[in-house]
Amino acid sequence: MQISSIIRRAVAGVAAASMLVAVAACGTSKDNKTAGGEGGGTIEVVASINQWGSVAKDLGGSHVDVTNIMTKTNVEAHDYEPTSQDVAKFGTAKVAVVNGADYDPWASKAASATKATLVTAAETAGIKEGDNPHVWFSAKVRNNTADAITAAYQKADPSHKDDYAKLNKEWHAKEDQLESKIKDASAKTKDVPYAATESVAWYLADDLGMKDATPTGYAQASANESEPTPSDIKAFQDALKGGSIKMLVFNTQEANSTADQITGAAKSANVPIVELTEQMPKEYTNLLDWMSALVDQFAKA
């Protein structure tokens, strides 16, 4: 991991920690709004990233009020520095949904100081710090997280338990359609060797049966958030030129000069490029529609 990244994360962690007392104090300021079924209010929900926020909204319907913190696709998500307003939003939440796996540690810290029921997506599938944190691309994690969110709603608002169960069933029906689409697409993508400028879509590519052919040195540097060596970059470029890589996945949210060299080599070698982001783009209103569009991109590349 780069020194600058470590410093940014440390600063973000300190900032979040310093605000926890204030967050806890704010937790009593909107009792009517966060009361859930008690008194007819809605459940106030805070999600660290918009893709999980969309799932939280789909599963809660009119019974929830969801606030998303990270929504922009033009910033480096891993190094996000929360504002005092971001952290304070956890203080009035009845349910908090975070990604986990060290993707949004500031959010986990903020939620831990409140009485909110915490749903950590990565933990629902046993994914921990050091593992690939982009877990919303995983069918298993999406399913498990949806059920965890529903359980949190039913705990917070038992008077609408049946409503949440119905919304959960409807959501799973849509997820099943997505997984059926992934299965159909895998007829084209199975065993196709791909490489990535950053391992954001690893879980989706795995669900599609693809083979990660990203050169080892480059992949390790990316995973550690460190700069790949010139030899790592050359090995990647040579692999693209040599034809052993049939598709390049480019995370535009982590664009930099190194990624430019890799994408340039892919274009020169006529290797198809699938461009994507980490946060859900604004043209999509829910995670499943976004994933469906990405499956189409992989199948057509």
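This briefing covers an aromatic pair and a helix-helix contact. The model is predicted. Across the whole structure, a search finds eight aromatic pairs. One of the pairs is formed by Tyr 103 and Trp 136, and helices H4 and H7 pack with their axes within 10 Å.

**Aromatic pair**

- A pair of aromatic rings is described by the distance of the centres and the angle of the planes.
- The ring centres of Tyr 103 and Trp 136 lie 5.2 Å apart, and their planes stand at 65°, so the pair is edge-to-face, the cut-off being over 60 degrees.
- The two residues are 33 residues apart, and their pairing links distant parts of the chain.
- Tyr 103 sits in the loop between strand E3 (95-98) and helix H6 (105-112), while Trp 136 sits in the loop between strand E4 (117-120) and helix H7 (139-156).
- Tyr 103 has a relative accessibility of 1% and therefore counts as buried.
- Trp 136 is also buried, at a relative accessible area of 0%.
- Together with Phe 137 and Trp 290, Tyr 103 and Trp 136 form one aromatic cluster.

**Packing of H4 and H7**

- The axes of H4 (residues 50-60) and H7 cross at roughly 50°, which makes H4 oblique to H7.
- The crossing of H4 past H7 is right-handed.
- On H4, the contact is made by Trp 52, Val 55, Ala 56, Leu 59 and Gly 60.
- On H7, the contact is made by Val 141, Arg 142, Thr 145, Ala 146, Ile 149, Thr 150 and Tyr 153.
- By class, the residues of this contact comprise eight nonpolar, three polar and one charged.

Notes: Residues are numbered from 1 along each chain as its sequence is written. This is a predicted model: local features need pLDDT of at least 70, side-chain atom pairs count only at pLDDT 80 or more; totals for chains, interfaces and linings use all residues. Side-chain values use heavy atoms; hydrogens and water are left out. Rings of Phe, Tyr and Trp (its six-membered ring) pair if their centres lie within 6.5 Å; planes under 30 degrees apart count as stacked, over 60 as edge-to-face and the rest as tilted. Helices (H or I, at least four residues) and strands (E, at least two) are DSSP runs, numbered from the N terminus. Buried means under 20% relative accessible area, exposed over 50%, partly exposed in between (1.4 Å probe, protein chains only). Axes are lines fitted to C-alpha atoms, for helices over the stretch in contact, and angles run from 0 to 180 degrees between N-to-C directions. Angles under 35 degrees count as roughly parallel, over 145 as roughly antiparallel, 65 to 115 as roughly perpendicular and the rest as oblique. A crossing is left-handed if the near helix is turned anticlockwise from the far one by less than a right angle, and right-handed if clockwise. Contact means heavy atoms within 4.5 Å. Ala, Val, Leu, Ile, Met, Phe, Trp, Tyr, Cys and Pro count as nonpolar, Asp, Glu, Lys and Arg as charged, and the others, Gly among them, as polar.
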